[in-house]
Amino acid sequence: MDNLEEIINSTIHPACLQEPPLAIDVIKELDVFGICLYSMLTLMSCLSLLLYLDMCVYIYRNISYPKKTTIIWVTGAAPCIATMSCFGMWIPRAVMFTDMTSNCYFAVVVYKVLMLMVEELGGSSGFVKRFSGQPFRINTGPCCCCCLCLPRVPMSRRMLFLLKLGALQYAIFKTILSILSIILWTNGNFDLTDLEITGTAIWINPFIGVLTIVSLWPVGITFMNTKGLMRHLKIVPKYAMYQLVLVLSQLQTSIINILALDGTIACSPPFSSVARGSMLSQQMMIMEMFIITLVNRCLYRRIYDSISPEEQDNTHNGSVPLKAPPEEHDV
């Protein structure tokens, strides 16, 4: 058995068994193609950040409070992830910090997307006044999309509070668990590659997954029951961009990490399989978030007429309002 392990270890490059390389080691290993690739991706992340800052200035000047702060939070998800991915690409050993920063920011965005829809419909008071007593479908994804037997729940101030609480808990607990994970990591107790039952990662990560699903449910409920009234505000493509950021930043990254742990993504010195998988994930994320930033700029850099409280609608069943929607003006 010992001879077999020696043979296996002798055929594996030492770098494949080491920690992620230092930034200077990454730079030394870059060839012409690598320099061009890293330069292009860095430029994309910088452009994403600059476009976002420009949009923040526009939104701050042209949209009233509190909607402007909510939009600034929501549109900042893609540039934040792109910027953190750029840092993680250049400094592989900082990936855990950059990923957790991005995930914590997106956890807040989940709550802000819910608040954006509420504010588009007149804020909390206006939302409750408009939908009070109207039955809301709760058999929506990702929790109960197949549970058609679930009854409709009438909207009330308490119901709205529970929807907000369901989305807000993820932002709170995700931040707390991320800080805890970093503390445990510095002590050597948190390792994403440790899949033993005694490892902390195998307990913390599934719990975060449950919190994520629970937080997405209130947002889905609100969207499915109110999208008819907000179609002229392009709420459907806005929601699609939010969902796309979710899939790319959470699901795509998880799949790549699983493939790296399984050895499907081969080791390429100075990167081990796990480090190379993380690097590929960061590079893909920069390109994807850059495109999403451009799309969000087209969707949010607009002026909208407010929705009148007296407007009659059938939003509980997803139908469009009876009254002609206000006109949307490009800037």
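I started at Lys67, which is partly exposed at a relative accessible area of 21%. My cut-offs: buried is under 20% relative accessible area, exposed is over 50%, partly exposed is in between (1.4 Å probe, protein chains only). This is a predicted model, so I noted that local features need pLDDT of at least 70 and side-chain atom pairs count only at pLDDT 80 or more, while totals for chains, interfaces and linings use all residues. Residues are numbered from 1 along each chain as its sequence is written, and side-chain values use heavy atoms, with hydrogens and water left out.

**Salt bridges**

I looked up the partner of Lys67 and found Glu120, in a salt bridge of 3.1 Å, N to O. Lys67 sits in helix α4 and Glu120 in helix α6, so this pair ties together parts 53 residues apart in sequence. Glu120 counts as buried at 8% relative accessibility. For the record, a salt bridge is a side-chain nitrogen of Lys or Arg within 4 Å of a carboxyl oxygen of Asp or Glu. Helices (H or I, at least four residues) and strands (E, at least two) are DSSP runs, numbered from the N terminus.

The structure holds three salt bridges. Arg297 meets Asp54 at 2.9 Å, N to O. Arg297 is in helix α11 and Asp54 in helix α3, so the pair ties together parts 243 residues apart in sequence. Asp54 also bridges to Arg301, with the closest N and O atoms 3.4 Å apart. Arg301 is in the loop between α11 and β3 (302-304), 247 residues from Asp54.

**Around α4 and α5**

I went back to α4 (residues 67-75) and listed its buried residues: Lys68, Thr70, Ile71, Ile72, Val74 and Thr75. Their cover includes α3, α5, α6 and α11 (273-300).

Next I took α5 (residues 77-90) against α6 (residues 95-120): they pack at about 175 degrees, axes 8 Å apart. That makes α5 roughly antiparallel to α6 (over 145 degrees; under 35 is roughly parallel, 65 to 115 roughly perpendicular, the rest oblique). The contact (heavy atoms within 4.5 Å) includes Met84 and Phe87 of α5 and Tyr105 and Phe106 of α6. Axes are lines fitted to C-alpha atoms, for helices over the stretch in contact, and angles run from 0 to 180 degrees between N-to-C directions.

**Whole chain**

Last, I noted eleven helices and four strands in the protein chain. Of its 331 residues, 46% count as buried.
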